[in-house]
Amino acid sequence: MKSKEEEYKELFHAEALENFEELNRLFTDLENDHTEFNAINSIFRIVHTLKGNAMGMGFDDIAALTHVMEDVMGSVQQGTMSLNKDLFDSLFKANDKLGALIDALKTGQRVSYLGIKTKLFVLLEKHQKVADTKADQDTKVPEPAGEANPAPVAEETNKEELDSPQEEVLVPTGDTSKNPQAMKSEITFTDVIQIPVKKMDELMTMVGQLIIERDRLITLNSVDGKRTTEFEGLQRITSDLQYGVMNARMVTVGFLFNKFHRIVRDVASIENKNVGLVLQGTECEIDRNILKIMSDAMIHLVRNAVSHGIEKSEARKAKGKPDKGTIILSAHYEKDNVVIEVADDGNGIDANIIRRKIVEKGLASKELAQHLSDEEVIMYIFEPGFSNAEKITEISGRGVGMDVVKKAAESIGGQINVDTEVGMGTTIKLNLPSSMALKGALLFALEEQEYAVALSYTEAVISLAKSEIHLITDGLMAQYLDQTIPIIFLKDIINLENLADCQKEGVLHQSFEEIEDDAKLDVIVLSYAGKLLGVVVDRLLQQKEIIEKSMVRPLEKTKLLSGTTILGNGKVCLVIDVTTISDLMFKTLAQKTVESEN
């Protein structure tokens with residue numbers, strides 16, 4: 001059991017991290033508009049509070065750094081210190097060190113901060129001397145008779161005001177009957193409590209186990225395959241509990257979006273570009289764990305939008321655009337998913353340049369690259385090792401980054417799409433589930449083994465006769481809603497010893513040749529990256545909400561499977577990885593089409 005001191009430390013750490021992120025946003029706002037007095041006052045209030053809390057907890061390093069930051073902002077408030085680039089650079093560096101000191105409370109690492117503390121102190125002293133000299137020159141008047149040394153009194157008053165900014169203190173007078181305000185005073189409590197994320201995850205795990213046991217009990221007590229009404233109350237209560245815990249883990253996307261003010265500012269400064277950030281839909285809620293997984297991916301998207309997308313001011317003016325580029329981070333709901341978009345009004349992506357790059361890097365043959373559509377070519381920017389940067393900089397051109405975005409989205413059952421127009425800009429769309437805890441799935445069987453596929457990838461379920469499926473260029477095709485889609489028998493893929501064997505002739509239609517001519521086939525139409533794929537299974541079972549668990553060693557590297565779940569009958573159900581199957585099949589079919597044409 002944790003001691004009180006450890007609990008207080010955790011609470012301080014959580015609040016200090018929020019303060020650190022808020023300071024980053026406020027410093028960025030203030031840099032864009034030096035007259036933003038609300039930002040000045042807010043910064044002063046935050047560092048003052050953080051200093052006091054750190055002193056109370058005995059975190060002397062944090063207290064010392066925030067103390068000098070408080071003095072600097074106090075001088076800015078009073079007008080004795082002007083805002084300029086040198087000061088902002090120093091304040092941003094100081095806040096970075098503050099963040100490192102806060103992290104060090106968990107890691108125990110030693111953080112060197114005396115350099116930036118000294119620089120801020122020197123800047124403060126320099127401006128104070130200039131202000132004092134100017135004041136002496138402007139106010140050399142005879143002192144009124146009877147008054148001695150009034151300046152120290154004023155200076156002491158200002159210092160007291162700095163130490164207690166806008167704080168209301170209730171001082172007991174002993175006789176409350178003569179003090180109506182004292183009688184009205186009351187103790188208030190906040191409606192928000194802080195709970196460590198680890199505790200919420202543990203609670204979600206226990207709820208998941210409860211749901212599995214509930215389903216097992218219902219299955220065992222079913223009569224002739226029909227559910228009895230005895231467990232309806234249990235089912236309702238456990239479902240309410242499950243959704244209650246899920247909602248407790250939800251946070252607004254603004255929790256992540258607000259961190260990008262500083263990132264855009266820093267990247268634009270390095271690239272010498274004028275870029276603004278616009279946030280939309282910050283009130284949309286999503287599972288905190290999803291935001292955590294997607295945070296690195298979002299950083300790569302935003303950095304690439306500034307580095308690759310937005311042009312420099314001179315180039316934008318030459319194109320008739322505003323000299324300041326714009327990055328828009330937005331979120332909105334689509335069915336049960338949250339869609340996050342990163343849009344810029346920059347260069348856009350030229351498919352012909354990408355086509356040439358993927359041939360140069362050996363990601364595709366020249367013949368295959370010419371055969372691919374512009375949309376298919378552009379998706380190669382998410383392949384490992386691909387980079388469209390003309391030169392290597394601190395921000396881009398190292399061949400890493402965009403593949404992280406695709407892997408992160410797919411790891412949580414999301415999808416990614418790109419909409420671009422040369423010269424006008426690019427929008428990258430992330431379609432993400434709102435929760436990781438519960439996933440809608442379609443259950444089906446291959447022989448005696450049960451499998452699941454995420455409903456987020458499921459377009460439809462149809463029945464086809466063998467005669468409606470046609471063999472074309474060593475692949476199977478069928479008509480669905482007036483368009484031709486590829487068809488695969490999942491059994492053929494599952495039975496492969498190696499996925500590379502898909503390239504072998506006849507592998508993709510072995511089961512097709514073995515079935516009878518009058519056979520009716522159950523087909524699941526999957527949708528991924530704007531493409532449809534028909535997957536033939538032995539039997540369709542039911543639609544169900546599942547709690548997916550990651551594959552354990554040594555099976556975690558099995559590409560065809562994304563995870564497992566336990567059904568009410570106690571059997572382990574394997575979850576199919578749609579992204580792997582879709583990428584594998586379309587690349588294989590495209591390669592075979594090129595080979596047949598040649």
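Visitor: What should helix α3 span at 1.5 Å a residue, and how far apart are its end C-alpha atoms?
Guide: Helix α3 covers residues 60-78, so its 19 residues should span 27 Å. The end C-alpha atoms are 27 Å apart, which agrees. The expected span is 1.5 Å times one less than the number of residues. Helices here are DSSP runs of H or I, at least four residues, and strands are E runs of at least two, numbered from the N terminus.

Visitor: What kind of model is this, and what pLDDT do local features need?
Guide: It is a predicted model: local features need pLDDT of at least 70 and side-chain atom pairs 80 or more, while totals for chains, interfaces and linings use all residues. Residues are numbered from 1 along each chain as its sequence is written, and side-chain values use heavy atoms, with hydrogens and water left out.

Visitor: Back to α3. Which of its residues are buried?
Guide: The buried ones are I62, A63, L65, T66, V68, M69, E70, V72, M73, G74, S75 and V76. Buried means under 20% relative accessible area (1.4 Å probe, protein chains only).

Visitor: What follows α3?
Guide: G79 does, and its phi is positive, near 85°.

Visitor: New topic. In what order do the strands of the five-strand open sheet come?
Guide: The order is β16-β8-β9-β18-β17, with mixed pairing. Its edge strands are β16 (539-546) and β17 (561-566), each pairing on one side only. Two strands pair if DSSP finds at least two bridges between them.

Visitor: Do β9 and β18 run parallel or antiparallel?
Guide: Parallel: β9 (residues 449-454) and β18 (residues 572-576) are joined by two bridges. A452 has V575 in β18 as its bridge partner.

Visitor: Now the largest nonpolar core. Which residues have the most contacts inside it?
Guide: M294, M298, L430 and L432 do, in a core of 53 residues. Helix α12 (residues 288-309) gives the most to this core, with nine residues. A nonpolar core is a set of buried Ala, Val, Leu, Ile, Met, Phe, Trp, Tyr and Cys residues joined through side-chain atoms within 4.5 Å.

Visitor: What is M294 in contact with, leaving aside neighbours within four places in sequence?
Guide: A408, A409, I412, L430 and L432. Contact means heavy atoms within 4.5 Å.

Visitor: Which residues does the second, separate core include?
Guide: L50, A54, F59 and L83 are among its 42 residues.

Conventions:
Buried < 20%, exposed > 50% of the residue type's maximum accessible area, 1.4 Å probe, protein only.
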